[in-house]
Amino acid sequence: MRNIKKIVVHCTASPDNLDIGFKEIDQWHKDRGWRGCGYHWIVRRDGTCEAGRPELEVGAHVKGHNADSIGIVWIGINSITEAQKKTLDRVIRGLLNAYNLSVEDVYGHYELFVGKTCPRLDMDKLRKSLRTEEYLPDGPSDSEIEINLIDIENQILDDE
Ligand SMILES: [Zn+2]
């Protein structure tokens, strides 16, 4: 078992209207002389999640951090679809549980490699939405998070 410490989010930087997935990425990465798809999970435009490289194997997606990370990629460049946001949220939550990690262990590629813009998402916003109970499509504002926390507290009181 690898010692996983980070979840790293990427985008393919392919045109948003290109409906590609594991097969195409696998070919691109083979063309680079790699063993094949360097990401562990792929989130297609329609929100379908495809398995890439097995999690037990070291990926090829973020220089200097491959050994202890899992790589997830959303297909596209400028605009992530609502379906992709939902799948990304679900997959990341699943990985955090599986590897006993916290939201702070979720990184965007650009946070680990200076000069990158990948995954072209606001990672603070993404981490904020992961801290809430419910998935919020565009990431919650600070006041929404406060409301959410109050709701959770009320619920606990109600249950008791
Ligand atoms: Zn990347």
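1. Why can β4 be called largely enclosed by the rest of the structure? The reason is that 6 of the 6 residues of β4 are buried, so the strand is largely enclosed.

2. Two strands pair with β4. β1 and β4 run parallel and are joined by 6 bridges; within this pairing, Val8 stands opposite Gly71 of β4. β2 also runs parallel to β4, with 3 bridges joining them. Here Ile42 has Val73 of β4 as its bridge partner.

3. Which residues does Val73 touch, leaving aside those up to four places away in sequence? They are His10, Cys11, Thr12, Tyr39, Ile42 and Val43. Of these, Cys11 is in the range of β1 (6-11), and Ile42 and Val43 are in that of β2 (41-43).

4. The largest nonpolar core has 23 residues. Those with the most contacts inside this core are Tyr39, Ile42, Val43, Ile72, Val73 and Ile92. At least two core residues come from each of β1 (6-11), α1 (22-31), β2 (41-43), β4 (69-74) and α2 (82-98).

5. On the overall layout: the protein has 5 helices and 5 strands. Starting at the N terminus, the elements run β-α-β-β-β-α-β-α-α-α. Among contacts with a separation of 6 or more, residues 24 or more positions apart account for 60%.

6. On confidence: the mean pLDDT of the protein is 85, and 82% of the residues reach 70 or more. Over residues 136-141 the pLDDT is below 50, and this stretch has 14 contacts in the model beyond near neighbours in sequence. Residues 143-160 also have pLDDT below 50, with 8 contacts beyond near neighbours in sequence. Where pLDDT is low, predicted coordinates should not be read in detail.

How values were computed: Residues are numbered from 1 along each chain as its sequence is written. This is a predicted model: local features need pLDDT of at least 70, side-chain atom pairs count only at pLDDT 80 or more; totals for chains, interfaces and linings use all residues. A nonpolar core is a set of buried Ala, Val, Leu, Ile, Met, Phe, Trp, Tyr and Cys residues joined through C-beta atoms within 7 Å. A residue is buried if 20 or more other C-beta atoms lie within 10 Å of its own, exposed if 12 or fewer, and partly exposed in between; C-beta atoms are placed from the backbone. Helices (H or I, at least four residues) and strands (E, at least two) are DSSP runs, numbered from the N terminus. Two residues are in contact if their C-beta atoms, placed from the backbone, lie within 7 Å. Two strands pair if DSSP finds at least two bridges between them. pLDDT is the predictor's confidence in each residue, from 0 to 100.
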